[in-house]
Amino acid sequence: MKKIALFDMDGTLIDSGLDITLSINYVRGVHYTLPPLEVQEVVDAINAPTRNLASVFYGTQLYEKSAKAIFEEHYYDQCIRNVRAYDGVAELLKILDDEGVVMGVATNAPSTFAKRMLHHLNLDRYFHLIVGADNVETPKPHPQMLHTHLDYHTYRNGTDRAWMIGDNIKDIEAARSAGIESIFAGWGFSREGAGDHVASKPEELIEIIL
């Protein structure tokens, strides 16, 4: 039996809230002349079930291409300045890897930033695939990203086991739509949530998966 563990990134594997906020505030300042937001405001907006982030962050109904370009240029350098893995994550990944669990990342962040941050933290070596929003037509909560991983590993429903681990309702819904188990990560951006399993700290995944 094959075991496949798929992880969300921001708010699950890594705490990237400060760097995301600093880049958003840079765009707010130079492009829109708006005052800065607090980290918690940004994190709460990102994790809200329904929201227009362009409206929340920049006061526009649509995410303007000019603002996106400024953000991405700034965030490319910013994204590795303060990012850190959550306590226990590196240890968890090593244990799962040693036990033969196949692991991957399914994030709604662009894959360029995801790979850059995970490489900076020396975590990318644990993942067979790192799939970002730019690698699929429809990001989470659509299951396409998860199916990309499952198809790559020739997942057999009913024989193999697979989990989607994340801190957002979109992760839980994606797992449900893909027909795999969900694990709510309660140590990151969201402290409260529900899934097939709930873990308050990374090491609790060991008992669930192994």
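**Entry 1: Asp-160 and its partner.** I looked up Asp-160 in this predicted model and found it buried, with a relative accessible area of 4%. Its side chain meets that of Arg-156 in a salt bridge, at 3.3 Å from N to O. I noted Arg-156 as partly exposed, because its relative accessibility is 46%, which falls between the limits of 20% and 50%.

**Entry 2: other salt bridges.** I recorded seven salt bridges in the structure. Asp-171 forms one with Lys-140, and their closest N and O atoms are 2.6 Å apart. I then located the two residues: Asp-171 belongs to helix α8 (residues 169-178), while Lys-140 sits in the loop between β5 and α7 (144-152), so this pair, 31 residues apart, links distant parts of the chain. Both Asp-171 and Lys-140 are buried.

I next examined Lys-94 and Asp-98, whose side chains form a salt bridge of 2.8 Å, N to O. Both lie in helix α5 (residues 89-98), four residues apart, or about one turn of the helix. An α-helix has 3.6 residues a turn, so residues three or four places apart point the same way. I listed Lys-94 as partly exposed, with a relative accessible area of 44%, and Asp-98 as exposed, at 51%.

**Entry 3: strand β4.** I asked how many residues of β4 (residues 102-106) are buried. The result was five of five. Val-102, Gly-104 and Ala-106 point one way from the strand, and Met-103 and Val-105 the other way. I traced its partners: four bridges join β4 to strand β1 (residues 3-7), in parallel, with Leu-6 opposite Gly-104. Three bridges join β4 to strand β5 (residues 129-131), also in parallel, with Val-105 opposite Ile-130. From β4 the chain crosses through helix α6 (residues 111-120) to β5, and I noted this β-α-β crossover as right-handed.

**Entry 4: nonpolar cores.** I found that the largest nonpolar core has 46 residues, and that Phe-7, Phe-127 and Ile-165 have the most contacts inside it. Apart from it lies another core, of 17 residues, among them Val-102 and Met-164. Beyond its neighbours within four places in sequence, Ile-165 contacts residues including Phe-7, Trp-187 and Ile-209.

Entry 5: I placed Thr-21 in helix α1 (residues 17-32) and found it buried, at 2% relative accessible area. Not counting residues up to four places away in sequence, Thr-21 touches Leu-37, Glu-38, Val-39 and Val-42. Val-42 is also one of the buried residues of helix α2 (residues 39-47), and these pack against α1 and α3 (53-58).

Notes. Residues are numbered from 1 along each chain as its sequence is written. This is a predicted model: local features need pLDDT of at least 70, side-chain atom pairs count only at pLDDT 80 or more; totals for chains, interfaces and linings use all residues. Side-chain values use heavy atoms; hydrogens and water are left out. Buried means under 20% relative accessible area, exposed over 50%, partly exposed in between (1.4 Å probe, protein chains only). Contact means heavy atoms within 4.5 Å. A nonpolar core is a set of buried Ala, Val, Leu, Ile, Met, Phe, Trp, Tyr and Cys residues joined through side-chain atoms within 4.5 Å. Two strands pair if DSSP finds at least two bridges between them. A crossover is right-handed if, with the strands pointing away from the viewer, the path from the first strand over the helix to the second runs clockwise. A salt bridge is a side-chain nitrogen of Lys or Arg within 4 Å of a carboxyl oxygen of Asp or Glu.
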